[in-house]
Amino acid sequence: MSEETITVADVSDGVGGESGLSAGTPISLPVVEILTGRGFITGKSGSGKSNTASVVIEKLLENNFPVLIVDSDGEYYGLKEEFEVLHVGADEECDIQVSAEHAGKIASLALEQNVPIILDVSGYLDEEEGSKLIRETARQLFAKEKKLKKPFLMLVEECHEYIPEGAGMDKTGKTLIKIGKRGRKHGLGIVGISQRPADVKKDFITQCDWLCWHRLTWDNDTKVVSRILGSEYGDAVEDLDDGESFLMTDWAESIRRVQFHRKQTFDAGATPGLDDFERPDLKSVSGDLVSELKTITDERERTESELADLRQELDKKKQRITQLERELEEAQDMSEMADTFAQALLQKAEAPYRGGGGRNLAREANGVSGSDDSAPEPQRRDDDPGEEGRLADDQSELYDYERPEATAGDGEDVGVGGGAVATAATNGESAAEVEASDGSSESDANVGASPDRVAAAVPETDGVDISPARSRSGFNEIEDATAFLDGDELRHRKAVVAGFVRAVESLEGVTREMLAAYRRAGRTTPVEAHLSADGSGDRRYAYARNKVLRRAGFVEHRSKGEYEYVLPDLVRRVYGDHTDEQDLVEVVAEIEARAGLNPDLSP
């Protein structure tokens, strides 16, 4: 085989080239150098570079030497007019549609079964898909040739797209460069074809064993010719006729001006003219070859179908998991909402001040138990300054209630954990900053005050501590719990009813009866509500209990000294976005009935 040659051109008469050969002298190329070497064919569009590549390929196929053509423009299928060539790619005109998964089989057919192959990447809309097919096929050819060491040629059209000058070379280009540098010793040759030599990596061009320079006119391209061949060739290359070329070969160590022969097969790359276009009959490849590739396609499609089914099943399971998690979360919300709401707003406590588990030592010292229901109502003292000496209603509310002067045992059990002293401590104020309820200055109020006197002056709790304390829900303040109610968690009627009932039932008896009084009256004063709840009507305890209801959002201040029952508004804010007005009315009625706020409807 080393002595075999293929005749592809004749010596051309014209400026350029070495003398010694007359015009018309046939030019032959050694087959082994073509198959295992590195070649470069260039020229502007229409200059004849694709014709030259086709002539070389036709001569190789005539002598049963297989090749693989990377066709970027769909120009080479015309070879099937004369030769049994396997045409693979993405178009329906191909013998079979392939992808990167077929690369191993394509390389095996080409090297082991001597099947000429056109790898047509012109039909891939995704350039990366076509590039991956080229890369994997080239990699498989290189790997197999390391063992086979069989002379084989890979021809790459538009090679500047894969091995560009400068930056931008991807994995495909690096694989082709690897074949150019190391493929020869394994028997794998490569030929690059481009109409812009200035855009092709110069390391590839300068390593080529044979080069064909067709007509070039751009300055950047002619400069490449001048740099590699010499300035006289850089000038002459602009005047070459169609099909003419400066042929430079290492084995002949010469530069010749030649005219390549015309290709014999259908020219699919010719520019369309006005004549009717008629595609010739093309040879079909063996059905066995296609069936081998079809098996891979079927397997891939089956795998893709199975993967699609698995993804669909996985999506369903993920959706089901999400649904179950949501249902679990909602169930937990419904289960804990009432407790969370009650604890966040009305956390139970036994201590007389700021929550905790302490006991009221002042009451125990006087033999009085901590139960509010058994505590006697405070008696008006002769030295009590009366209403005239007290703060106005709105000022009293500002301080939550007025400073108590009761001694241990004569105060009602209220539910806020302290009077002005406790309020000041809770709000970060000093006791001196709070004016005494009888109108005296803080110095007068505190003169001679002993620890026992201060302890006795603090009203006892009614079992509900409203000082700031973190519930297990994570709320720090009443406002935090209210913000929670503004959220979207409370969607279900059953949960809303249960939560509000639990919250109302967490109130101490007198405070709960005050709320019922507000519901009956609609709008009234804390003192009047306290009296309606069988309380003493003492302003200190009335406003202390009223504070619990106000901070819980069950009542709101409307005018001087008057508060309004707003539980329906609170329910609407929590649940109104998820239902209609009629249902809201029914929900409120159910809450009031179950919580005992409406005796006529209580179960």
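# Salt bridges and a charged patch

User: In this predicted model, which residue forms a salt bridge with Glu-244, and how far apart are the closest N and O atoms?

Analyst: The structure shown is a predicted model, and within it Glu-244 is paired through a salt bridge with Arg-257. The pair links distant parts of the chain, since Glu-244 belongs to strand E11 (residues 244–249) while Arg-257 belongs to strand E12 (residues 254–260), and the two are 13 residues apart. The partner is therefore Arg-257, with the closest N and O atoms 3.1 Å apart.

User: Is Glu-244 buried or exposed, and what is the relative accessible area of Arg-257?

Analyst: A residue counts as buried when its relative accessible area is under 20%, and Glu-244 has a relative accessibility of 2%, so Glu-244 is buried. Arg-257, its salt-bridge partner, is buried as well, with a relative accessible area of 8%.

User: Which side chain meets that of Arg-523 in a salt bridge, and how many residues apart in sequence are the parts that this pair ties together?

Analyst: The side chain of Arg-523 meets that of Glu-564, at 3.8 Å from N to O. Glu-564 lies in strand E15 (residues 562–565) and Arg-523 in strand E13 (residues 523–524), so the parts tied together by this pair are 41 residues apart in sequence.

User: What is the N to O distance in the salt bridge of Arg-558 and Glu-564?

Analyst: Glu-564 counts as partly exposed because its relative accessibility is 24%, and Arg-558 is also partly exposed, with a relative accessible area of 33%. The side chains of these residues meet in a salt bridge, for which the N to O distance is 2.5 Å.

User: How many salt bridges does a search of the whole structure find?

Analyst: Some of the charged residues are linked in a network of salt bridges, made up of Arg-493, Asp-583, Glu-586, Glu-590 and Arg-594. When the whole structure is searched, the number of salt bridges found is 22.

User: Which residues form a positive surface patch, and in which helix is Lys-146 found?

Analyst: The positive surface patch is formed by Lys-146, Lys-149, Lys-178, Arg-182 and Lys-185. Among them, Lys-146 has a relative accessibility of 43% and therefore counts as partly exposed. The helix in which Lys-146 is found spans residues 127–148 and is helix H4.

Conventions: Residues are numbered from 1 along each chain as its sequence is written. This is a predicted model: local features need pLDDT of at least 70, side-chain atom pairs count only at pLDDT 80 or more; totals for chains, interfaces and linings use all residues. Side-chain values use heavy atoms; hydrogens and water are left out. Patches are made of residues with over 30% relative accessible area and no salt bridge: like charges are joined within 9 Å, nonpolar side chains (Val, Leu, Ile, Met, Phe, Trp, Tyr) within 5 Å. Accessible areas come from the Shrake-Rupley method with a 1.4 Å probe; for residues, only the protein chains shown count as cover. A salt bridge is a side-chain nitrogen of Lys or Arg within 4 Å of a carboxyl oxygen of Asp or Glu. Lys and Arg count as positive and Asp and Glu as negative; His and the chain ends are not counted. The place of a charge is taken as NZ of Lys, CZ of Arg, CG of Asp or CD of Glu. Helices (H or I, at least four residues) and strands (E, at least two) are DSSP runs, numbered from the N terminus. Buried means under 20% relative accessible area, exposed over 50%, partly exposed in between (1.4 Å probe, protein chains only).
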